[in-house]
Amino acid sequence: MSVRDNSIDLTARQQAQADAAARQVTEPQSLVVRFPASEPLRLDSGREIAPLTIAYQTYGTLNADKSNAILICHALTGDQHVANDHPVTGKGGWWATLVGPGKPVDTDRFFVICANILGGCMGSTGPASVNPATGRPYGVEFPVITIGDMVKAQARLVDYLGIDQLFSVIGGSMGGMQVLQWCARYKERVLTAMPIATAPWHTAQNIAFHEVGRQAVMADPDWQGGAYYGTNARPARGLAVARMAAHITYLSEKALQDKFGRGLQNRDQHSFSFDADFKIESYLRHQGSTFVDRFDANSYLYITRAMDYFDLEAEYGKLANAFTGTKTQFCVVSFTSDWLYPTRDNKEIVKALNGVAANVSFVEIESDKGHDAFLLDEEVFFATVRGFLNAAAKKRGIA
Amino acid sequence: MSESPGHSAQDSIADRPVRADHRLIAEMVAPGSRVLDVGCGDGALLELLISEKTVDGRGVEISRDNVNACVARGLSVIQGDADQDLSGYPDKAFDYVVLSLTIQATRQPKVVLENLLRIGRRAIVSFPNFGHWKIRTALLFTGRMPRTPNLPETWFDSQDSHLCTIKDFSDLVTILDAEVEDAVAFNSRGQRLAIKNSLSLQNLLGEKAVFLLAPRDQR
């Protein structure tokens, strides 16, 4: 038996899905706004992106005085398809439990916007997009971006939609970093903000896990220095390993133990091989192989880099300085078993906000589901979101 | 729009009677001021202060359920506790910092009170008075830790690890070099005792007390 048999292979169906995902880069099944080359996006690195495309989804209706807009910021591997079925996988929206008619983020009441981030692979400009200078996909020619750059691109979209002030900016994980960046850079434009399961900076451990993922991608010979577009190969195995490693950080030890323990997969004894004997191995391989069907490896490299560079304290000298003079009403949420962005990190945000006398609430939600809890059906979390938004909407006079 | 849980919670609290010590505290707070309520529970005092004194109110509360209830009613409340989460606030961040019926349950009452006096231009502290005559006589005649309607729990269930008398509290205020601007003793029905100048009598007859304190450097 060869070792190759135990690595992750793609079926024909998966290849078809991957092709469908690749088509989202150029022909996204969502709303799109294109900013011409004459309106470049100037990046934190000093480089520029032009032209700029932003693919986005909206739900609900913008009211007459444009006061009911909520921007949702998605996480590392999320996209703009918050509350509709995913065009590639066919699965329900990643936050469909939270966002929708009558849901805590009630689309009967609010106008909800979510844009694929800059550097993403679901239609917004990213490394798989065509580099106007060469006529070929950017690959590693794509400039390194930051969370600040993502937010700047979102602000372009919000401008384009004619919205001055967002009623709320909401996001978990990397989405929460964008929320914080919004509140730091565009203070007047954010009435309320919900940074969820996030951190004001990436720690050494956060960077370490990301570096393992990037190295896995780059060690895959099919990565080809990032120029795999248009070839028959793509670094699916490397990206799958990256996803497997990252996925462990999204779950709590207890959740892993409870769900899988030492359970064996479709067998009653060890195979004395490198097959996926254990349920947890099988689960991670599945997570890895389904991920590569819908995600671009270079996007993964660029987005994880942007997260690693994120450090609001370094940007503003002192974390509290990022929020000086803010009038935004904050609700920070963390989850007890989240060890990726633990309560400790979220409390740093709260402390900084208190330091500038900001209006802040902080709720730690009891959950054993780890970092992923923010994406799951957590009743208390939903009640918090609903209550916070309702109270603020009442104050703002949103019907 | 359907009736949300947030709204129903708001209605129910508005219907509840106002707690006696809350009424006394509200009388001490100047309208339009900035108030931090440490140990704010379900937010009843904050709502009272916001509606009657139009304060800019914030809360700190240890119980998750209470924090959620507060946030759902539009209050700005942080989950945390008086022992650990006051150090992050800057000096003089609030006009008043309120600690109502909580100091006896903190691990380090002295540090907590120091923080209150640092964060606030005024501190308002209410606490059950362990010097009340019923407690004194209960201990004298039963030889056991007194249990009263005010302090109903057994010694092993109670969170109140630092019970004190009005005189004890007054001593701590002296140690911290703070000024007592007002001290009110009241009975369980929330009736203010008409004793102003005798600490000994207040200590004997008051079931609870509210102190309005100011750090010396404020005068």
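A:Ala306 belongs to helix H8 of chain A, which covers residues 297-309. The model is predicted. With 25 other C-beta atoms within 10 Å, A:Ala306 is buried, because a residue counts as buried once 20 or more such atoms lie within that distance. Leaving aside residues up to four places away in sequence, A:Ala306 touches A:Gly119, A:Ile145, A:Thr146, A:Ile147 and A:Met150. A:Lys394 is 88 residues from A:Ala306 along the chain, and the C-alpha atoms of the two are separated by 36 Å.

**The two chains**

Chain A contains eleven helices and twelve strands. Its radius of gyration is 21 Å, close to the 21 Å given by the globule rule for 399 residues, so chain A is as compact as a globular protein of that length. Chain B contains eight helices and seven strands. For chain B the radius of gyration is 17 Å, close to the 17 Å that the globule rule gives for 219 residues, so this chain too is as compact as a globular protein of its length.

| Chain | Extent of C-alpha atoms along the principal axes | Buried residues |
|---|---|---|
| Chain A | roughly 65 × 50 × 40 Å | 52% of 399 residues |
| Chain B | about 60 × 40 × 35 Å | 45% of 219 residues |

Contacts within each chain can also be sorted by distance along the sequence. Among contacts in chain A with a separation of 6 or more, 73% are between residues 24 or more positions apart. In chain B, residues 24 or more positions apart account for 66% of the contacts with a separation of 6 or more.

**Helix H7 of chain A**

Helix H7 of chain A runs over residues 279-291. At 1.5 Å a residue, its 13 residues should span 18 Å, and its end C-alpha atoms are 18 Å apart, which agrees. A:Leu284, A:Gly288 and A:Ser289 are buried in H7(A). Viewed down the axis of H7(A), the buried residues fall within an arc of 130°, so they line one face of the helix. An α-helix has 3.6 residues a turn, so residues three or four places apart point the same way.

**Where the chains touch**

The contact between the chains takes 27 residues from chain A and 21 residues from chain B. On the chain B side, at least two residues each come from helix H1 (5-15), helix H4 (64-72) and strand S3 (76-79). H4(B) gives the largest share of that side, five residues. By type, the chain B residues that touch chain A comprise ten nonpolar, nine polar and two charged.

**The nonpolar core**

The largest nonpolar core has 169 residues. The members that touch the most other members are A:Ile70, A:Ile72, A:Val112, B:Val97 and B:Val98. For B:Val97, the residues touched are B:Leu36, B:Val38, B:Leu116, B:Ile119, B:Gly120 and B:Ala123, not counting residues up to four places away in sequence.

Methods. Residues numbered from 1 in each chain as written. Chains lettered and ligands numbered in written order. Predicted model: local features only at pLDDT ≥ 70, side-chain atom pairs only at ≥ 80, totals over all residues. Helix = DSSP H or I, 4+ residues; strand = E, 2+ residues; numbered from the N terminus. Rg over C-alpha atoms; globule rule 2.2 N^0.38 Å. Buried ≥ 20, exposed ≤ 12 C-beta atoms within 10 Å, placed from the backbone. Contact = placed C-beta atoms within 7 Å. Expected span 1.5 Å × (residues − 1). Arc of directions from axis to C-beta. Nonpolar A, V, L, I, M, F, W, Y, C, P; charged D, E, K, R; others polar. Core = buried A, V, L, I, M, F, W, Y, C linked by C-beta atoms within 7 Å.
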